[in-house]
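Biologist: Can you take me through this one? I'd like to begin with the sheet, then ask about a few residues.
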Amino acid sequence: MSLAEDIAQCDRETGLTGSFKDFVKMAWPQAYPGSPFSDNFHIGLMCEHYEAAWRGEIRELVINLPPGGSKSSITCVMFPTWGWVRRPADSYIFAAYGQKLVRRDAYTSLELMQSRWFQDRWADRFVVPKVPAVDLIDNDKTGFRLGCTPGGEVTGFHANYQIIDDPNKPEELTKVGLANVKDWMGRTMASRWRRPPAINSRILIMQRLHCDDLSQEMIDNGAVHVCIPANFDPARRTVTTWGKDPRMQQGELMDPVRLPQHLIDYLRRTLGPLNAAAQLDQSPVPEGGAVFKYGWLQFWSTVRQGQYSITPGAPDSLIVGRPSSVDQTIDSWDCAFKDEEESDFVCGQTWKRVGAHFYLFDQEYGRLDFPATVRAVAALATRSKATAKLIEDKANGPAVVATLGKAISGVIAVDPQGGKHSRASASAGLWEAKNVFLPDPAMPGYEWVRDLIVEILSFPRAKNDDRVDAMSQALLYLQENTSYLKAAMAEVRKSWGYQDDGT
């Protein structure tokens with residue numbers, strides 16, 4: 001037996017009995033001859049978890065990894081090829097936001113399987129057609145790999161493995177797009193499994209784009225989670241049954257070859273804080289907040305005053321006493337379209353102005369149908385004694401205004417200018433100037449403030465944004481009307497002969 005034959009036989013046994021990572025190291029030069037294999041801890045961590053999924057030990061797996069980490073090459077090219085060497089009857093469904101990406105990885109996998117190198121080692125394991133349809137590659141052992149995009153047709157196909165690679169395009173992230181992917185996963189892919197006792201496993205690899213993305217839904221449902229940020233964060237270190245992130249120092253690089261620090265710094269500058277947090281840090285929101293910053297938070301309280309940390313481990317926030325008198329009280333409402341499980345929440349808030357400062361006092365929040373919304377608006381108005389009740393003139397807001405306008409005084413339909421993000425950004429200056437105070441969540445009955453804080457700091461990538469929309473509507477109205485009052489008083493003082501300094 002020649003040396004080449006000895007090497008081929010050794011490779012064959014490694015593919016049949018060795019680890020998945022061993023196969024990746026062998027096959028990489030064949031699949032990517034112009035790109036030398038660069039080993040790193042995250043490669044081994046991914047491979048260990050994929051082996052566990054292949055054995056049926058992991059039912060759902062989420063891997064969050066920065067761009068450039070070879071995740072598609074290992075997941076969509078190497079994993080199914082190695083899987084067919086072991087069990088050629090297994091089937092795979094692959095999905096990504098673009099059909100070109102799906103086909104790219106399918107072509108690479110097909111070329112690897114048809115290469116002389118592969119055929120010399122595992123030709124007896126299975127046979128693929130010489131000219132297959134790249135969207136559906138099958139073999140003579142009943143195995144197949146189907147490629148599609150989220151929302152694509154998969155009727156009639158049942159797979160052992162569902163592999164989703166970045167289902168949402170980062171540049172086109174919308175609430176509708178996020179919902180469509182989750183709906184496709186829940187309604188379509190939920191039934192696309194090979195029947196037991198076959199091994200069934202779902203693998204999602206993506207960047208953390210939003211607090212309500214598919215990653216979060218799978219994690220909430222108990223998926224094994226591997227999070228590998230470009231710079232190490234000890235608070236989010238991955239430790240699972242099948243491996244752990246070996247880094248220990250804050251900021252330590254994931255991979256000095258693939259993502260050196262100078263490239264990370266460049267990407268942070270060009271991507272901006274939100275996209276850099278999502279793609280590099282695997283966090284939907286930058287540390288400390290996006291539009292609204294943690295350092296801007298202030299609170300009023302009846303149980304404590306001074307500097308306290310609202311969240312353990314976070315910087316202290318100023319907590320002041322409850323204002324003894326107020327200059328103006330308003331209610332602000334963001335309404336929903338309909339009372340479906342998928343619809344937005346309804347939120348009403350009571351805000352009070354004391355001079356140039358604004359205090360949140362009360363809140364109604366929940367999924368409410370139209371009659372329940374009308375009752376909630378009336379109930380909040382009774383408690384607050386607000387002089388103005390702002391109701392956004394969208395969704396079922398006009399119907400609420402029409403119903404309550406004759407029964408309750410001060411109901412005002414507000415025509416929102418610009419989008420939610422622009423309105424929130426317009427109100428952010430009041431937070432930065434330390435003019436806004438929230439209730440202290442330590443007070444009995446105000447536990448709901450903690451969820452509000454999460455939404456505020458996560459906006460515009462929070463799971464819901466109705467509380468922020470009601471808040472920005474109130475603050476902008478109060479600011480605008482306060483400005484009018486100041487201008488009017490200035491004119492009065494001028495007519496009385498007073499100077500700008502009041503003399």
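Modeller: A word on terms: two strands count as paired if DSSP finds at least two bridges between them. Keep in mind that this is a predicted model.

Biologist: Fine. What is the strand order in the open sheet of 9 strands?
Modeller: The order is 11-12-10-18-15-14-13-16-17, and the pairing is mixed.

Biologist: Which strands stand at the edges?
Modeller: Strand 11 (306–308) and strand 17 (411–414). Each has a single partner strand, so one side of each has no neighbour in the sheet. From one strand to the next, the twist averages 30°.

Biologist: Which helices pack on the sheet?
Modeller: Helix 10 (residues 370–384) does, with contacts to strand 13 (328–334), strand 14 (346–354), strand 15 and strand 16 (388–392). The direction of helix 10 makes about 165° with that of strand 13. Helix 11 (residues 397–404) also packs there, touching strand 16 and strand 17, and its direction makes about 145° with that of strand 16.

Biologist: Back to the strands. How do strand 15 and strand 18 run, parallel or antiparallel?
Modeller: Parallel, with 2 bridges between strand 15 (residues 357–366) and strand 18 (residues 436–439). Tyr 359 has Phe 437 in strand 18 as its bridge partner.

Biologist: And how many bridges join strand 10 to strand 18?
Modeller: 2, and those strands run parallel. Phe 299 is bridged to Leu 438 of strand 18. Strand 10 also pairs with strand 12 in the parallel sense, over 4 bridges, and Trp 300 stands opposite Val 320 in strand 12.

Biologist: Which way do the residues of strand 10 point?
Modeller: Gln 298 and Trp 300 point one way, Phe 299 and Ser 301 the other, and all are buried. In a regular strand, side chains alternate between the two faces of the sheet.

Biologist: Changing topic, how many disulfides are there?
Modeller: 0.

Biologist: What about Cys 347?
Modeller: Its closest cysteine sulfur is in Cys 335 at 9.9 Å, again too far. Cys 347 is buried as well, with a relative accessible area of 0%.

Biologist: Last one. Where is Thr 311?
Modeller: Thr 311 is in the loop between strand 11 and strand 12 (317–321). It counts as partly exposed because its relative accessibility is 35%. The C-alpha atoms of Thr 311 and Arg 450 are 8.7 Å apart, though 139 residues separate the two along the chain.

Notes: Residues numbered from 1 in each chain as written. Predicted model: local features only at pLDDT ≥ 70, side-chain atom pairs only at ≥ 80, totals over all residues. Heavy atoms only, no water. Axes fitted to C-alpha atoms, helices over the stretch in contact; angles between N-to-C directions. Contact = heavy atoms within 4.5 Å. Disulfide = S-S within 2.5 Å. Buried < 20%, exposed > 50% of the residue type's maximum accessible area, 1.4 Å probe, protein only.
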